[in-house]
Amino acid sequence: MASSSWEAMSAAVPSSLDDRLSRRRFLRTAAAVGAAGVLGALLDACGSSSSTTAPATSAATKAPAAASTAPATGAASAAAPSTVASNAAAPSGTVTIPLISNPTPNPIVLPGGLSSILLDKNLFGQLVRPDAGGGTPVPDLATKWDISPDGKTYTFSLRPGVKWHNGDPFTADDVKFTFDLMLDKKSNAAFINNLGPFTSADVVDPMTVKLNLSAPYAPMLTMLAYNVMMLPKKVLQGEDINKPVNFIQNPIGTGPYKWKEFVSGDHVTLVANMDYWDGPPKIGTVVYKILPDLNTQVAQLRAGQVDIVMLEPSQVDALQNVPNVVINAASQTNYQYLAMNNSNPLFADKLVRQALAYALDRPTMVKSILRGKGTIANGPISPPMGWAYPQDQQPFPYDTKKAQDLLTQAGWQLQGGKLMKGGQPFKFAILLDVGNPTRKDFALVAQQTYQKLGMDVSIDSQEFNIWYDRTGKSDYDMFVSYWITPPDPNALVNGYSASNSDKYKSQTVDDLFAQGKVSTSQADRKAIYAKLQQAIYDDQPDVFMTYPPEYRAFSKRLQGYASIGIRDALYYTYKWTLSAS
Amino acid sequence: MGRYIASRLIQAAVVLILVTVITFALIHLAPGGPSAVLTDARLPPELIARQRANLGLDKPVYVQYFKWAGGLVRGDFGISYTDQRTVLSEIRQRLPNTLILAGTAFLLALIVSIPVGIFTAQRARSVPDHIVSGISFIGLSTPVFWFGIVLIIVFSVQLHWLPASGMRTINEPNSLADLLKHLIMPALVLAMPTMAQFSRFVRASVLETLNQDYVRTARAKGLAARIVTYRHVLRNALMPVVTIIGLTLPVVVTGAAITESVFGWPGMGRLAVDAAFTRDYPVIMGVTVLVAAAVILINLLTDLLYMAIDPRVRLR
C-alpha cells in the first residue's frame with residue numbers, strides 16, 4: 001500500500017478533477033458572459049435610448065460636505081444597505097455591482113475584459129465620453145476641441161483644475177504619456193486599432209494637446225469616447241504597461257471614485273472622489289463583488305446583496321415578478337448572426353446564402369429566444385448607430401418557399417428528402433461555444449430549420465477558447481456569433497473588408513468602407529453606409545438574425561440611472577442615488 | 001528512517017519536475033490559446049501576432065519552459081496573463097481561504113462520518129442502516145452546484161439568515177462570527193459528498209474488522225463491548241481510512257472550485273479553473289507546482305503515519 005499510493009493518487013486526482021470539470025459545465029454561462037467581455041472589450045457600445053441627464057443639476061449638488069466624513073458615511077451605511085439616507089448632502093450608501101472575474105485597473109491593455117471595463121469607468125476619465133443618451137461624444141477631461149480643415153489634426157483644450165486621485169494636477173503631459181503608451185509597439189494596447197490613422201500626440205501647452213493623424217478619420221471622436229482612458233504619467237512612468245504590478249495595486253485616475261481595497265476573487269471597493277470635477281458622487285461607495293456564477297448573481301439580487309445583474313434572455317421570466325427587482329432592456333450596438341465561411345463551396349453561392357436567410361423564422365426567434373425585445377437584423381449596422389442606420393430597409397421575410405426556389409436555382413435538388421448537388425449532400429456543422437443558453441437556442445433553431453430544407457446539419461460544441469481560436473482561423477462552416485462594436489459603422493471594417501475570417505470579398509464593400517472612413521460630412525457618410533448595408537444585405541455573407549436587447553435587472557432602491565447600455569451607463573454612476581426602501 | 005525520508009524527498013523532486021514538464025507540454029498542446037491575446041478574431045492578424053510576441057508566446061515551447069522554470073528557481077512564479085498580478089501574490093491571497101473552507105469541510109466530514117460509519121456497521125442491514133445508506137447515496141449523487149443554489153435560495157433569499165456569498169461582510173471589521181456565518185453553507189456543501197463517501201468507507205472497514213478472528217477472541221475473553229469497539233475494532237478499522245483521507249485531502253482542496261464559484265468564495269480552486277479556461281499559463285503552472293508539491297508531501301506523511309499506527313508496516 002505504502003509504495004503504491006503514488007500511483008493510486010495520480011489516478012485518483014485527475015479522474016475526480018475531470019468529474020468536477022464536467023459538472024462545472026453549468027458555470028459556462030458565466031464563462032460565456034466573460035467571453036462577451038473579451039469581445040466587448042474591444043468593440044462595445046450602446047443605445048440611443050431615452051433619458052438625458054441635465055448637467056446643471058450636478059453643479060448644483062457640489063455640496064460643501066467635508067471630504068473626510070464621506071468615506072465614513074459610506075462605510076456605515078454599507079453595513080445596513082437597506083436603510084440608506086436619502087439626504088443628498090454628502091455621498092452615502094453603497095451600490096454593489098457583480099463581476100464574473102477579477103478586474104484589473106489597466107485600461108490601456110485591458111486585462112480582464114468586461115469586468116475591467118465596468119470597473120475602469122468609475123476610476124478613470126477620458127478626453128471625451130458618450131453623452132448620457134449613450135451616443136454623441138461630450139466633454140470629459142477635454143472641454144473643447146478643434147478639428148483642422150484637412151481633418152488630420154485634433155486639438156483638445158483640457159479641463160482646468162482636474163486632479164488625479166493622489167492630488168497631482170492633470171495636464172497635457174499625462175495625455176501625451178497615455179497616447180504614447182498606446183502607440184508603443186511593445187504595448188498590448190487594446191483600443192489602438194480603433195484609432196486608425198492616429199500617429200502621434202503633441203503637448204502644445206500644459207492645458208492643450210494636439211493629436212496628429214496621417215489621414216482624415218471620421219470616427220476619431222467616437223473612438224476616443226470609447227474606453228480611451230487617461231493615465232497619470234508621474235505614477236506610471238517606468239512601469240511596464242503590459243504588467244504594471246505596482247500601479248494595479250493602487251491605481252490612480254481622475255474618475256468619480258477612488259480605489260480603496262481589492263481582495264482577489266472577492267471584491268473591489270471604491271469610495272467617492274470628493275474632488276471630482278463634476279461634483280462629488282451621490283453614492284459614497286461602489287463595491288464590485290466577484291461572483292463567477294450567474295445564478296448566484298441572480299440569487300444575490302433577490303436577497304438584496306447586489307444591485308445590478310446583466311441577464312441572459314432566458315433568465316428574464318424567473319425575475320419578472322420579484323418585488324424588489326426592476327428589469328429593463330437597453331438597446332446595444334450588437335447583432336447576432338450565423339457567420340458563414342464564404343470560402344466553403346457550400347456557401348460560395350450568393351443564392352444559397354440568401355436562401356438560408358429566407359428560411360429562418362426570425363420573428364419567432366425574437367419572440368421566444370429574446371423574450372420579445374430586440375428586432376430582426378437587416379445587416380451589421382444596428383439601430384443604436386443612430387444616423388448611420390438605414391431606417392427604410394426591410395429584412396428578408398420568412399419565406400420557406402422562396403428559400404426552396406433559390407436552392408433549386410442554385411442547382412440543389414431534393415432526392416429522397418436530402419438536398420443533393422452533383423451527388424454531394426448539403427452537409428455542414430454549426431460551431432457553438434458551450435454554456436451560453438442564447439447562442440445554443442439560435443443554433444438549435446438554425447439546425448432544425450435547415451434540416452427541414454433537406455440539409456445535413458450537425459452542431460459542433462466547443463469550449464470557448466477553442467471556439468474562438470477556430471473562428472479566428474476560419475476553421476468552420478458556420479457559427480453562431482454576435483458582434484458588439486463602437487457606435488460607428490467603420491468599426492465593422494474588419495468583419496466585411498480586408499482579411500475577415502468569413503473570407504468574404506466584395507470590391508463594392510471595400511470601396512464604401514474606404515469612402516466612409518475619410519468623409520467628414522455626416523450626410524455623405526449616411527448615404528455611403530446606407531449603400532454599404534444594402535450591398536452586404538444583398539450578398540448575405542452572414543445570415544443576419546437579430547439586434548438583441550441588453551437585459552438588466554436592477555434593485556428597486558437604485559435610482560437615476562440612464563436606460564442605456566450598462567457600459568455607458570457606468571460613466572454616470574456618480575449621478576445615481578439610492579432610495580430608502 | 002532518515003535515509004528513507006531522504007530518498008523519498010529525492011523521488012519527490014524528480015516527480016515534481018516531471019509534473020511541470022508534462023503540464024507545460026499539455027497546456028501548450030491543448031487547442032485554443034490564452035484569452036489574454038484572443039481579444040478579437042476580427043483584429044488585424046499583425047496586431048494579434050504582436051501581442052503574442054509581447055507575452056513571449058512566439059518562442060518555441062521548450063524555450064518558454066526554461067524561461068518559466070528559471071524564474072521558478074529564483075522564486076518567481078511569473079505574472080498572470082489575464083489579470084497582470086503576480087502569480088505568487090494571487091496564490092498567497094487565495095490559498096488560506098481554500099484551506100479554511102476545505103479544512104472545515106474536511107473536519108465536518110470526519111466528525112460526522114466516523115461515528116455514523118461505526119453506528120451503521122454495528123447495525124448492518126437494519127432499518128437505521130438502510131436509512132443512513134439512503135441519505136449517503138443522496139449526498140453522493142446530489143450535484144454540488146444545485147445543492148448550493150438551493151441552500152442560498154432557502155437560507156439567504158427566503159429566510160435572510162445567512163449571507164449568499166463571499167467570505168466576509170465587505171466594509172465591516174473582520175470577526176470570527178462573521179466568517180463562520182459565511183462558512184456554514186459552502187463548508188456543508190463541500191463536505192457533503194466527502195461525508196457520504198467516508199461514512200460508507202468507515203462502515204465497510206468496521207464491518208470487515210468486526211468479522212476478524214481477534215475481535216471474536218476479544219469478545220470471547222469477555223471484554224466489554226465498548227472496549228472491543230474502541231480498542232480493537234476502531235484502531236484497526238481506521239487504518240485504511242487514514243489512507244483514504246490522505247488521498248482525498250488534495251482532491252477536496254483542488255475540487256473546491258465549484259463550491260467556491262457558487263458561493264463566491266475567493267479560493268484557489270476557482271483560481272485554477274478560471275486559469276484553465278482562460279489558458280493563463282503562468283497561473284496554471286503556479287497552481288500545479290503547488291498542488292503537486294502538496295500531494296507529494298501529504299502522500300509521504302500518510303505513509304509515515306501509516307507506519308506509526310500499524311506496527312506491521314515495516315521498512316524494507
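Modeller: The questions below go through chain B and then chain A. This is a predicted model, where local features need pLDDT of at least 70, side-chain atom pairs count only at pLDDT 80 or more, and totals for chains, interfaces and linings use all residues. Residues are numbered from 1 along each chain as its sequence is written, while chains are lettered from A and ligands numbered from 1 in the order in which they are written.

Biologist: How many helices and strands are there in chain B?

Modeller: Chain B has 12 helices and zero strands. Helices are DSSP runs of H or I with at least four residues, strands are runs of E with at least two, and both are numbered from the N terminus. The C-alpha trace of chain B spans about 85 × 60 × 35 Å along its principal axes.

Biologist: Why are α1(B) and α12(B) called roughly antiparallel?

Modeller: The axes of α1 (residues 2–29) and α12 (residues 281–309) of chain B cross at roughly 150° and come within 10 Å. Angles under 35 degrees count as roughly parallel, over 145 as roughly antiparallel, 65 to 115 as roughly perpendicular and the rest as oblique. So α1(B) is roughly antiparallel to α12(B). The axes are lines fitted to C-alpha atoms, for helices over the stretch in contact, and angles run from 0 to 180 degrees between N-to-C directions.

Biologist: Which hand does the crossing of α1(B) and α12(B) have?

Modeller: The crossing is right-handed. That label applies if the near helix is turned clockwise from the far one by less than a right angle; anticlockwise gives left-handed.

Biologist: What makes the contact of α1(B) with α12(B), by class?

Modeller: Residues in contact have C-beta atoms, placed from the backbone, within 7 Å. Among them, L16(B) and F24(B) are in α1(B), and I284(B) and L300(B) are in α12(B). By class, the contact has 14 nonpolar, three polar and one charged residues. Ala, Val, Leu, Ile, Met, Phe, Trp, Tyr, Cys and Pro count as nonpolar, Asp, Glu, Lys and Arg as charged, and the others, Gly among them, as polar.

Biologist: Why does F66(B) count as exposed?

Modeller: F66(B) is found in α3 (residues 61–73) of chain B. A residue is buried if 20 or more other C-beta atoms lie within 10 Å of its own, exposed if 12 or fewer, and partly exposed in between, with C-beta atoms placed from the backbone. F66(B) has 12 such neighbours, so the label is exposed. In chain B, buried residues make up 41% of the 316 residues.

Biologist: What is phi at N227(A) and at S474(A)?

Modeller: Phi of N227(A) is near 65°. S474(A) has a positive phi of about 55° although it is not a glycine. Most residues other than glycine have a negative phi.

Biologist: Why do β11 and β12 of chain A stand at the edges?

Modeller: The open sheet has the order β11-β22-β12 in chain A, with antiparallel pairing. β11 (308–311) and β12 (325–331) each have a single partner strand, so one side of each is left without a neighbour in the sheet.

Biologist: How do you know that β12(A) and β22(A) pair?

Modeller: Two strands pair if DSSP finds at least two bridges between them. β12(A) and β22 (residues 549–555) of chain A have seven, in the antiparallel sense. S331(A) stands opposite P549(A) in β22(A).

Biologist: Which strands pair with β7(A)?

Modeller: Five bridges join β5 (residues 153–158) of chain A to β7(A). Six bridges join β6 (residues 198–205) of chain A to β7(A). Both pairings are antiparallel. β6(A) and β7(A) form a hairpin with two residues between them.

Key
Contact = placed C-beta atoms within 7 Å.
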